[in-house]
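These are my notebook entries on one structure. I set down what I looked up, entry by entry.

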Amino acid sequence: MVTTILRDLYLSYVGTEAEGITELPSSGSNRRYFRLSGTPTLIGVSGTSPDENRAFLYMARHFREKGLPVPEVYVQSDDARFYLQEDLGNTLLFDAIEKGRKSSVFDEEEKRLLHKTIRLLPRVQFVGADGFDFSQCYPQAEFNLRSILWDLNYFKYCFLKATGMDFQEDRLEDDFQKMAAVLLRNASATFMYRDFQSRNVMVKEGEPWLIDFQGGRKGPVYYDVASFLWQAKARYPEDLRNELLADYMDALKQYMPVDEAYFLSQLRHFVLFRTLQVLGAYGFRGYFEKKPHFIQSVPFAMENLRVLLAKDFPEYPYLCEILRGLTHLKQFSDDIQKRMLEVRIVSFAYKKGIPNDPTGNGGGFVFDCRAINNPGKYERYNHFTGLDEPVIRFLEEDGEITRFLEHVYDLVDASVKRYLDRGFTNLMVCFGCTGGQHRSVYSAQHLAEHIHRKFGVKVHLIHREQNREQIIEPTK
């Protein structure tokens, strides 16, 4: 029946029958999409909610009139359940940045698309709101207390309760009210896309085009920034996210004055709120509707949550307590542990061979300390190691090892940062000297302390020839 109605719409608009009709993969919504081939090729849409469809149809017309890159709608059924729109092709931004998402190394073309998309957002929010009739929005005209509590309870009932975790509902609701007050402290007449993320942007001839904006409403600009830059499976590295955030604020200044410090402080609350909202959606779509894409996204959202909670939100202490407990539940913490980086640092004697890598990854850095002035040639240091004060004083007063380690830190720091960005779990660094007693032990010990202090990762320190091991647990 659906295909028959869409074929009839095509015939009524084009004047000839469609040559074929193919259903396209479904997204997270209940709408169905079809490609009707012919001249021209069009996209047919079937939606179960006429009110939601009417919201989309109104927005599409309005945004086209404002010159925004959205698909043109050509014809619709009388009951607004079916319509035909412009075919933008097959490339979602999410797919166009696939290599970057999987490796956390985004190439120049991927970065160009992301920068163009984030700079487009203020235009959508401000130009899109010009003359916009927010009463046409569905299901809410604006981002308000009711819609915030809907989303927070969506998280509570569809995700938090589904984990079986105990919590005091009245205390949680108190903090929900506090969060709502924070989110609503800035009135805004801008358009809030609400689900602005790379799956809802298409790429046509190298340019971003907007789709699936029918859930939009009047609301603050922060929400869309949080949705895009903290999309769970996009996995933007921190440096790229900061670049895109700076780009957004620069573009935003064309429309309003921007206090960057205040903007960033307020944005944190929207990132937390958006993370809870998407976890609610993942819970409902994944656990209840059994859609695998949403279940697969949960670990990425939980990792976002874990990083967010590294810095406290004093406005809602009980909520943060519950969320920290949530991230430590076995079903989530096990996944985090699997993806957590461990740096293995080993001191050794060359005459006994370079250490093997037990992870099967083939090893990592091997630094030769034998060019450094050797305290082992002096009998008075024979009973000490690189952990003992006499040897430490000798090496540091000589100074060669300090300059050596400065270069080591630069190299290893760069690798640790990239390993963290890319989700790698093992890095090995070895220091060798003649006897594996003085210079290599000093170097391994100092690198371990430096890496842990700077990155907070787990460090497994092994002084092989001294038969000493130490685990330095992660701090974040």
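In what sense do E4 and strand E5 pair, and over how many bridges? I find that E4 and E5 (residues 82-86) pair in the antiparallel sense over 3 bridges. I take two strands as paired if DSSP finds at least two bridges between them. Helices (H or I, at least four residues) and strands (E, at least two) are DSSP runs, numbered from the N terminus.

**Entry: basis**

I work from a predicted model, in which local features need pLDDT of at least 70 and side-chain atom pairs count only at pLDDT 80 or more, while totals for chains, interfaces and linings use all residues. Residues are numbered from 1 along each chain as its sequence is written, and side-chain values use heavy atoms, with hydrogens and water left out.

**Entry: the chain**

I counted 16 helices and 14 strands in the chain. The C-alpha trace spans about 95 × 55 × 45 Å along its principal axes. Of the 476 residues, 52% are buried; buried means under 20% relative accessible area, exposed over 50%, and partly exposed in between (1.4 Å probe, protein chains only). I then looked up contacts, meaning heavy atoms within 4.5 Å. Among contacts with a separation of 6 or more, 71% are between residues 24 or more positions apart.

**Entry: the sheet of E1 to E5**

I traced an open sheet of 5 strands in the order E1-E2-E3-E5-E4, with antiparallel pairing. Its edge strands, each pairing on one side only, are E1 (20-23) and E4 (73-76). From one strand to the next the twist averages 25 degrees. In general, strands of a sheet pair through backbone hydrogen bonds, either parallel or antiparallel.

I went through the pairs in turn. E1 and E2 are antiparallel over 4 bridges, and Thr 22 has Arg 35 in E2 as its bridge partner. E2 and E3 also run antiparallel, joined by 5 bridges; here Tyr 33 is partnered by Val 45 in E3. These two strands form a hairpin with 4 residues between them, and Gly 38 in the turn has a positive phi of about 150 degrees.

Helix H2 (residues 50-65) lies across E4 and E5, and runs at about 25 degrees to E5. For these angles, axes are lines fitted to C-alpha atoms, for helices over the stretch in contact, and angles run from 0 to 180 degrees between N-to-C directions.

**Entry: cores**

I looked for nonpolar cores, each a set of buried Ala, Val, Leu, Ile, Met, Phe, Trp, Tyr and Cys residues joined through side-chain atoms within 4.5 Å. The largest has 94 residues, and Phe 263 and Leu 326 have the most contacts inside it. Helix H10 (residues 260-288) gives the largest share of this core, 10 residues. A second, separate core of 32 residues includes Ile 345, Cys 369, Phe 404 and Ile 451.

I also listed the contacts of Leu 326, leaving aside neighbours within four places in sequence: they include Phe 155, Phe 159, Leu 160, Met 302 and Phe 332.

Helix H14 (residues 389-398) and helix H16 (residues 439-455) pack at an angle of about 85 degrees, with axes 11 Å apart. H14 is therefore roughly perpendicular to H16, a class that covers 65 to 115 degrees. Ile 392, Leu 395 and Glu 396 of H14 meet Arg 439, Tyr 442 and His 446 of H16.

Is Leu 395 buried or exposed? Leu 395 is buried, because its relative accessibility is 1%. Beyond residues up to four places away in sequence, Leu 395 touches partners including Ile 372, Pro 375, Ile 401 and His 438.

**Entry: E13 and E14**

I found 5 bridges joining strand E13 (residues 458-463) to strand E14 (residues 468-472) in an antiparallel pair. His 463 stands opposite Arg 468 in E14. Their hairpin has 4 residues between the strands, and Asn 467 takes a positive phi near 55 degrees.

**Entry: cysteines**

My search of the whole structure for disulfides (a pair of cysteine sulfur atoms within 2.5 Å) found 0. Cys 137 counts as buried because its relative accessibility is 9%. Cys 320 is also buried, with a relative accessible area of 1%.

How values were computed: Angles under 35 degrees count as roughly parallel, over 145 as roughly antiparallel, 65 to 115 as roughly perpendicular and the rest as oblique.
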